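Come and look along with me.

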Amino acid sequence: MRGRWWWLKWLAGLLLCGLLIGEGIYLWPRLHESWKNLTDIHWGWVAACVVAEAVSLSGFGRMQKQLLHAGHVEVSQRRSLSVIYASTAMSVTLPAGQVFSTGFTYRETRRWGASPIVASWQLAISGVIAAVGLALLGFAGAILAGGSASPFTLIFSIGGILALFWAGHYATRHPTRIDAVVRWCVARFNAIRRHPADDGLQQVRDMITQLESVEMRRRDAVLTTLWAVIHRMGDVACLGFACLAVGADPRLAGVLIAFAFGKAVGTIPFAPGGIVYVDATLIASLTSAAGLPAAQAVAAAFVYRGVSFILVAMVGWVVFLFLFRGHQSGGLESDVALERAEAEQMRKNRAG
C-alpha cells in the first residue's frame, strides 16, 4: 500500500533529473576542453588535495575534542575523527543529511560521557565557529580582491565568538548571579502562563548545573580557534590544489570567495551534498572571481568535489560500517537507559 506522501519521492526525483539536465546543458560546450584538462591532470597536486582534506577533517576532529575537553569529557583523537568522517558521510549523501549527522554526533558524544547539555553545547559552538569562519573567509577574499567589505562583518564575527567564550567563562565563575537571573526569568515566564512562580525551575537549574561543568579556559579557547582555522584552511587549500592540478593559476582572493560561496550554498538542504547547485556555484565563482577559464573551472570543481565530497563520503561510510553499525541497532534502548540513569543520579544529587 502506498504511503500518504509517495508522490514526494517522484517529485524529488524529477527535480533532481531536471537539475542534472540543466547542468548538462550549461556545461556541454565546455566539457570537451574540461576533459582535456582532466586527461592532463597533475597527480601530485591531486595527492596534495587528499592530504589537505585529511588535515582539514583532522582539525575538525581536534576542535571537537577540545570543546569536549572543556566540558570534562575526554576522548581520543581517533574516536573523535572517526565520528567526524562518519557524520560527514551522512551529511553529504543522505536526504536531510544534516539532521542525521547531528543526531549521530550527539548520540556518540553521549556515549563518551557527555551530558545532554554538554553534547548539545559542543554541537552548537562547532556550528557557530564554522559559520563565523566562513564569513571571515568571504571577508578576506573580498578585501584581497580589492572590493569593499563592511567592517561590521569582521567585528560581528570575531565579537560573536569572543562573546560566546566570555559568557561561558562568566557562567562558570558566577553561578549565584546566573541562578538569580534564571529564577527571575522563570518567574516572569510562569506569570505569563499563570503557573506557579517556581514551575519548571528545578529542571532549568539541572540544565545549568550540567552547563557549569563546561570550563572554557583561555587555553581551550585558543586551541579551539587554532583547530578551527586549520580545518577551514585545509579545505581551502584542497580547492586551491584542485585548481593547480588542472593547470590553472588561480587568484588567492578568488579561491577564498569561491570556497565561501560554495560552502554557503551547500548549507541549503535541497539535495544530498549540494549536488548540482554547489558545483554550479563553484564553477561560476572560479570563473568570475579566480580568473579561471570555464573549462578549467569545470575540471577544478570536478577534482575538488571528487576529493571533498565523493572520497570523504566513501571513507566515512566505511568507517561507519566498521565502527558504528552495531551502535545503531540498539541505539534507542541504550539512549533510554542512559537518560534514566542520569535522571536517577540527578535525583540522588538533589536529595543529598
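**Entry 1: handedness and packing of H5 and H9.** I began with how H5 and H9 cross, and the crossing is right-handed. For this term, the near helix is turned clockwise from the far one by less than a right angle, while anticlockwise gives left-handed. I then looked up the geometry: helix H5 (residues 116-144) and helix H9 (residues 218-245) pack at an angle of about 55°, with 10 Å between their axes. H5 is therefore oblique to H9. My cut-offs are under 35 degrees for roughly parallel, over 145 for roughly antiparallel, 65 to 115 for roughly perpendicular, and oblique for the rest. The axes are lines fitted to C-alpha atoms, for helices over the stretch in contact, with angles from 0 to 180 degrees between N-to-C directions.

**Entry 2: what I am working with.** I note that this is a predicted model, where local features need pLDDT of at least 70 and side-chain atom pairs count only at pLDDT 80 or more, while totals for chains, interfaces and linings use all residues. Residues are numbered from 1 along each chain as its sequence is written, and side-chain values use heavy atoms, leaving out hydrogens and water.

**Entry 3: the whole chain.** I found 14 helices and 0 strands. Helices here are DSSP runs (H or I, at least four residues), strands are E runs of at least two, and numbering starts at the N terminus. Of the 352 residues, 40% are buried. Buried means under 20% relative accessible area, exposed over 50%, and partly exposed in between (1.4 Å probe, protein chains only).

**Entry 4: H9 again, now with H2.** How do helix H2 (residues 43-70) and H9 pack? Their angle is about 165° and their axes are 7 Å apart, so the two are roughly antiparallel. H2 passes H9 in a left-handed crossing.

**Entry 5: two buried residues.** I clicked on Phe139, which sits in helix H5. Phe139 has a relative accessible area of 15%, so I logged it as buried. Its C-alpha atom is 9.2 Å from that of Ala260, 121 residues away along the chain.

Is Val246 buried or exposed? Val246 is buried, because its relative accessibility is 4%.

**Entry 6: Leu323.** My last stop was Leu323, in helix H12 (residues 294-323). Leu323 counts as partly exposed because its relative accessibility is 37%.
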